[in-house]
Amino acid sequence: MTTHTTKMLILGSGPAGLSAAIYGARAGMAPIVVQGIQPGGQLTTTTDVENYPGFREVIQGPWLMQEMQAQAEHVGTRMMWDTITEVDLSQRPFRLIGDGGDVYEGEVLVIATGAQAKWLGLDSEDALKGKGVSACATCDGFFYRGKNVAVIGGGNTAVEEALYLTNHAPHVTLIHRRDSLRAERILQERLFAHPNVSVIWNKEVREFVDGGGTAGLVALDLKDTVTGEHSRLDVEGGFVAIGHHPATELFRGHLELDSDGYIAVEPGSTRTDVPGVFACGDVMDKIYRQAVTAAGTGCMAALDAEKFLAAADFAELQEAAE
């Protein structure tokens, strides 16, 4: 068992965690990033990225994360390949234990463990991810200009994604397995009033139909939840919008979480209810969920952490002088 110590300990290596590392390293905090189950975060499973600032041409998600990691390491970040299984936030330095027994101690902790989209769990869904199947309209909607698409879900996220996609697609079909939506009333009114949106009730997707070759998704095989009958809907894009799982199980009972399981932070900051612990990226942001906003909150977390340490150091100096 090895103990690794640092001023700034970062859990998660997506855009939020690595941005925090870059700013933290430049501030002299010599951060350690524990990369977790999915090093690089969700962008490592994303192919074409067209909305990250600074790149004229389409870039690849894995490449972008490799560059972020290289930049973080270049300015003094240590990357650790480990998965944390236990945390102790009762006192500083905060103590985290990896699944191999290694201990990580940090004067401040930045949590950037992200969130994962919920999927339907179909083999055809998995096979066509990035080839017509997506879980993020704001990320991928641009690629479906002039194409008919469908959104699967019935909550706020599904309705918002359907309305957003009308900016690109000539027609959007919302598919819901029940006969009424769970979304807020005002969102439902906007949806039903939109001329380019239609709703299919009491249907669930049984298969995402592959057109073969380079065609990708060409249709959805639907099953009626009341009669059991099958039908086909021809679409070139299918957006699964049934929610997200924030990766916060490790912190349940240690930090305040909101009703959806996201880490609660003070408005306008990344501060959690435990002084010295900060949260950034999708683990605390259930509204925007974009790589660029995650990176922005990572920067905020590093700056908040730097201010916290400066204040703590000053307090210790005052105590020593008394």
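Reader: Does Gly-153 count as buried or exposed, and at what relative accessibility?

Author: This is a predicted model, in which local features need pLDDT of at least 70 and side-chain atom pairs count only at pLDDT 80 or more, while totals for chains, interfaces and linings use all residues. Residues are numbered from 1 along each chain as its sequence is written, and side-chain values use heavy atoms, with hydrogens and water left out. Buried means under 20% relative accessible area, exposed over 50%, and partly exposed in between, with a 1.4 Å probe and protein chains only. Because its relative accessibility is 6%, Gly-153 counts as buried.

Reader: Where does Gly-153 lie, and what does Gly-153 touch?

Author: Gly-153 belongs to the loop between S11 and H5; such helices (H or I, at least four residues) and strands (E, at least two) are DSSP runs, numbered from the N terminus. Leaving out residues up to four places away in sequence, Gly-153 touches Ala-158, Leu-174, Ile-175, His-176, Ala-241 and Ile-242, where contact means heavy atoms within 4.5 Å.

Reader: In what order do the strands of the open sheet run?

Author: Strands of a sheet pair through backbone hydrogen bonds, either parallel or antiparallel, and two strands are taken to pair if DSSP finds at least two bridges between them. Here five strands form an open sheet in the order S10-S17-S11-S12-S13, with parallel pairing. Strand S10 (133–134) and strand S13 (197–200) each have a single partner strand, so one side of each is left without a neighbour in the sheet. Strand S11 (residues 149–152) pairs with strand S17 (residues 237–240) over four bridges, and Val-149 stands opposite Gly-237 in S17.

Reader: Which residues of helix H6 are buried?

Author: An α-helix has 3.6 residues a turn, so residues three or four places apart point the same way. In helix H6 (residues 185–193), Leu-187, Gln-188 and Leu-191 are buried. These buried residues fall within an arc of 100° seen down the axis, so they line one face of H6; the arc is that of the directions from the helix axis to the C-beta atoms. The face turned away carries the exposed residues Arg-185 and Ala-193, whereas the cover over the buried residues of H6 includes helix H5 (156–165), strand S12 (172–175) and S13.

Reader: How many of the residues of H1 are buried?

Author: H1 is mostly covered, with 10 of its 12 residues buried, among them Pro-15, Leu-18 and Ile-22. After H1 comes Gly-28, whose phi is positive, near 85°.
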